[in-house]
Amino acid sequence: MQQPFAYRDNRMHAEDVPLDSIARRAGTPCFVYSSNAILGRYHAYDRAFGDAPHRICYAVKANGNLAILSLLAGAGAGFDIVSGGELFRVLRAGGAADKVVFAGVGKTAEEVEYALEHGIHSFSCESEAELSLIDALASRLGTKARVSLRVNPDVDAVTHPKISTGLREHKFGIDIQAAEEIYARARWHSHIQMEGVSCHIGSQLLRAGPLLAALDRVLALVDRLREKGIPIQELDLGGGLGIPYRPTDEAPSIEDYVAQVKNRVAGRNLTLLMEPGRSLVGEAGVLLSRVLYRKTNAGKEFVILDAAMNDLIRPSLYEAHHEILPVKRDPSRGTVKADVVGPVCETGDYLARDRELANVLPGDLVAISTAGAYGFVMSSNYNARPRAAEVMVAGDGWRIVRQRETFDDIIRGEMA
Ligand code: LLP
């Protein structure tokens, strides 16, 4: 797959647009997304499934910008949502409600009602109490809700503990051992149609093995349920496919992963759903930032940027690695080993620690790579910092798809 961000004449471009020209007009910090990279990855999933019945439901939580949602809706994607707010976004962006799946352990009655009123495709249900709530609300609205149970297959995702979800002790899903009985009991809910089984074991998996092990367990459950006369038609495998954050990371390709899934499911007459988030948008975005200062404290070098943990919290929260590259490459400058930090007033505010990077100086621009997923969506106004602008590039054109916040935006709704 073509790299969306690459150097031409030592200037980093997003597709055909030099990043420095975006920074000049949109300001920094600013997220820049490549629309063709997003579409390319969506089509890679879609093509890999070929004729096999399937739906790719983009996980909105990874990046919910309306421009990204409408791009994917236009390509035919469905959406995986985890809140009423995400459904609102999908509908605003022109997404089809009947291609939406709704997951999450804590859906409120208001959210369930909102989703039922709009006729979403299905609920991924995470407890028996939630089943009863959906049944009662569907009955009140005179409709029938399609439901799959999210089962917890007890498979170790081998990823960061904070983004691993598939072990028995995690809050997610229903113990796969208990699931059969719950499916049987659910037949008594007259406003629920149990159509599917879903699972999601974690995020940023750099090996397909655990995903396939979970699939095997869930397929065995589907077979047992069918034997008992519960006509499961759909299998939702969640998201989770990892992406390379470091130059040395190797992630399974979308094509290989889908091919292995397809092989295992073949002949079973099941529609396959997937909920990729990171693997669609992660590599398609960078966070563009300017160097404010350089300084040395007790022999330690610091590169101080105008982007901070409030813009991209992944390094602080998960010790995540994001490559930091100079927008203008000048090999004669050499490198420096430094902590790359932002202006937020706490020691946990860093984008990289002890990192060997280009010897950037005040005024230089840097691109913090692989920031398209779980970047802007996890940003905050901490330290009363306006949230960054977002830009979408297509070929040699680009546009702002979210204005940088103003100070007035920050205090909207507050009363002195
Ligand atoms: N489906 C469900 C039910 C999920 O919980 C998630 C992610 C996805 C799909 C999408 O997974 P993906 O394809 O993006 O791996 N903030 C963390 C990641 C949290 C993921 C939560 N669930 C991070 O920055 O790494």
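Modeller: In this predicted model, the ligand lies between domain 1 (5–33 + 284–411) and domain 2 (50–277), because both domains give residues to the shell around the ligand.

Biologist: How many residues surround the ligand, and which are the closest?

Modeller: The ligand is surrounded by 18 residues, and S203, E275, R278, R314 and Y374 are the closest.

Biologist: What is the make-up of that shell by class?

Modeller: The shell holds six nonpolar, six polar and six charged residues.

Biologist: And R314, what does its side chain do with the ligand?

Modeller: An N or O atom in the R314 side chain is 2.6 Å from an oxygen atom of the ligand.

Biologist: How much of the ligand's accessible area does the protein cover?

Modeller: On its own, the ligand has 580 Å² of accessible area, and the protein covers 91% of that.

Biologist: Changing topic to the domains: how far apart are the C-alpha centres?

Modeller: The C-alpha centres of domain 1 and domain 2 are 33 Å apart.

Biologist: How many residues of each domain are in contact with the other?

Modeller: Domain 1 has 18 residues in contact with 17 residues of domain 2.

Notes. Residues numbered from 1 in each chain as written. Predicted model: local features only at pLDDT ≥ 70, side-chain atom pairs only at ≥ 80, totals over all residues. Heavy atoms only, no water. Near = heavy atom within 4 Å. Polar contact = N/O pair within 3.5 Å; in protein donor to acceptor, adjacent residues only side chain to side chain. Areas by Shrake-Rupley, 256 points an atom, 1.4 Å probe, with all protein chains shown as cover. Nonpolar A, V, L, I, M, F, W, Y, C, P; charged D, E, K, R; others polar. Domains from an automatic or database assignment. Contact = heavy atoms within 4.5 Å.
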